[in-house]
Amino acid sequence: MKQAAARRIFRLFPGYWNDLTLSLKELWEASATLFFPPVCYYCKAPLDSRAGKKLCPSCSEKIVLTEAPYCLRCSKTDVFLDEETLLCPDCRAKSRERDPLSRVLAGSRYEALVPQLIAKFKYGRCRYLADPLADIIMKHPEFGVLAPHIAAFVPVPMHWARKLARGFDQAEDLARELSRRTGVPVVEALKRARYNKPQASLNMKERMRNLGGAFLCDKKKRAFLKRQGRDKLIALVDDVCTTGTTAELCARALKRAGARNIVLFCVAKT
Ligand SMILES: [Zn+2]
Ligand SMILES: [Zn+2]
C-alpha cells in the first residue's frame with residue numbers, strides 16, 4: 001500500500017524525481033573521484049580524471065593494435081599478404097568451404113603488454129580488466145562496420161568445472177562488456193560436452209583430437225540461431241585465438257544449428 005502511494009507521488013513529479021536521481025548520481029561520481037582518484041587498470045599509476053581513459057599512456061603505448069594491412073581472414077599483420085586477396089599464405093591454402101569460421105577479428109597482436117593483461121585478467125582473476133580488453137577488441141578497424149550486422153555475441157564456453165575453479169568465464173565477461181556497449185545481446189548458445197585438457201600444452205593434431213565433438217549447441221537457442229543467423233552475423237567471443245581450432249569447432253556447432261555466417265572477435269591472435 002505504502003509502495004503504491006510512493007509510486008503515485010513520483011508519477012506526479014517525474015521531472016523532480018529525474019533531477020534528483022541525476023544530481024545524486026553526479027554527487028556520487030564527484031565524491032568517488034575525490035576519494036578514489038582514477039588509476040591505470042593495469043599498473044595503478046594515477047590517471048587524468050577528465051580524460052576518461054582506463055590505461056595510462058605508458059601502458060597504452062605497449063599495446064600493438066591491429067592496423068591495415070592485415071590478413072582479411074585471420075587478422076595477422078606480420079606476414080606476407082597476397083596483393084589481390086589480402087590473405088596470408090596460411091589462409092590462402094585453406095579451403096573456404098571447409099572452414100566454418102569466416103573470419104577472425106583480433107584487436108591486437110599478442111605481444112608487449114597484451115599477454116600480461118590477459119594473464120592478469122584470467123589467472124589473476126582481475127575481472128575489471130574485461131573493460132580495457134573489450135576496448136582493444138572494439139578498436140579493430142572493422143568492428144564499427146560489422147557491429148550493426150551482428151545478431152548475437154556467443155562466448156566460447158569453458159567447461160563448468162573449470163569455470164567453478166576460476167570463478168568466472170573470461171569469454172563470457174568479454175562478451176557481456178561488448179554487449180553493454182553495443183546493445184547486441186549475449187547468447188550462451190554453446191556448451192562443452194566434456195572436460196578437455198588445456199589446449200596450450202598440445203600440438204595441432206592433439207588439439208583436434210582433444211576437442212573432437214567438444215561443443216554442443218543449446219537446444220533452446222537453435223530457433224534463435226536459425227532465425228537470426230540467416231541474414232546476420234553470429235560473433236563468437238574469446239580472449240585469445242591461437243590455432244583457431246577451438247573457434248572452428250564452435251563455429252561448426254553453430255552452423256549445425258542453422259547459423260550461416262560466423263566470425264570470431266578476440267583480443268589477440270598469437
Ligand atoms: Zn599503466
Ligand atoms: Zn590469414
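**Exercise 1. Find how strand 2 is joined to strand 5, and name residue pairs that show it.**

Step 1. Strand 2 and strand 5 (residues 233–241) run parallel and are joined by 5 bridges. Helices (H or I, at least four residues) and strands (E, at least two) are DSSP runs, numbered from the N terminus. Two strands pair if DSSP finds at least two bridges between them.

Step 2. Look for the partners. Val-154 has Leu-236 of strand 5 as its bridge partner, and Ile-150 stands opposite Leu-233 in strand 5.

Step 3. A word on what you are looking at: this is a predicted model, in which local features need pLDDT of at least 70 and side-chain atom pairs count only at pLDDT 80 or more, while totals for chains, interfaces and linings use all residues. Residues are numbered from 1 along each chain as its sequence is written, and chains are lettered from A and ligands numbered from 1 in the order in which they are written.

**Exercise 2. Work out the strand order of the open sheet and say which strands lie at its edges.**

Step 1. Start from strand 5. Strand 5 pairs with strand 6 in the parallel sense over 8 bridges, and Ala-235 stands opposite Val-263 in strand 6.

Step 2. Move on to strand 1. Strand 1 and strand 6 run parallel, with 7 bridges between them; Arg-109 is found opposite Lys-269 in strand 6.

Step 3. The open sheet has 4 strands in the order 1-6-5-2, with parallel pairing. Strand 1 and strand 2 (150–155) are the edge strands, as each pairs on one side only. On average, neighbouring strands of this sheet are turned by 25 degrees against each other, direction ignored. For such angles, axes are lines fitted to C-alpha atoms, for helices over the stretch in contact, and angles run from 0 to 180 degrees between N-to-C directions.

Step 4. Together with helix 12 (residues 245–256) they make a right-handed β-α-β unit. A crossover is right-handed if, with the strands pointing away from the viewer, the path from the first strand over the helix to the second runs clockwise.

**Exercise 3. Determine how helix 6 packs, and which of its residues are buried.**

Step 1. Set the helix against the sheet. Helix 6 lies across strand 1 and strand 6, and runs at about 120 degrees to strand 6. Helix 9 also packs on the sheet: it touches strand 2 and strand 5, and its direction makes about 130 degrees with that of strand 5.

Step 2. List the buried residues. In helix 6 (residues 130–138) they are Ala-130, Pro-132, Leu-133, Ala-134, Ile-136 and Ile-137. A residue is buried if 20 or more other C-beta atoms lie within 10 Å of its own, exposed if 12 or fewer, and partly exposed in between, with C-beta atoms placed from the backbone.

Step 3. Find what they pack against. The elements include strand 1 (101–109), helix 5 (113–122), helix 9 (170–182) and strand 6 (261–269). Two residues are in contact if their C-beta atoms, placed from the backbone, lie within 7 Å.

Step 4. Check the strands for cover.

**Exercise 4. Buried or partly exposed? Classify Asp-135, Glu-172 and Lys-221.**

Step 1. Asp-135 is in helix 6. Asp-135 is partly exposed because 19 other C-beta atoms lie within 10 Å.

Step 2. Glu-172 belongs to helix 9. Glu-172 counts as buried because it has 20 C-beta neighbours inside 10 Å. From Glu-172 to Val-186, 14 residues apart in sequence, the C-alpha to C-alpha distance is 8.3 Å.

Step 3. Lys-221 sits in the loop between strand 4 (215–217) and helix 11 (222–228). With 19 other C-beta atoms within 10 Å, Lys-221 is partly exposed. Not counting residues up to four places away in sequence, Lys-221 touches Val-187 and Ala-189.

**Exercise 5. Which backbone feature marks Pro-69, and which marks Ser-75?**

Step 1. Most residues other than glycine have a negative phi, and most peptide bonds are trans.

Step 2. Ala-68 and Pro-69 are joined by a cis peptide bond, with omega about 0 degrees. Pro-69 lies in the loop between helix 3 (57–61) and helix 4 (89–93).

Step 3. Ser-75 is also found in the loop between helix 3 and helix 4. The phi of Ser-75 is positive, near 70 degrees, in a residue other than glycine. Ser-75 counts as buried because it has 26 C-beta neighbours inside 10 Å.
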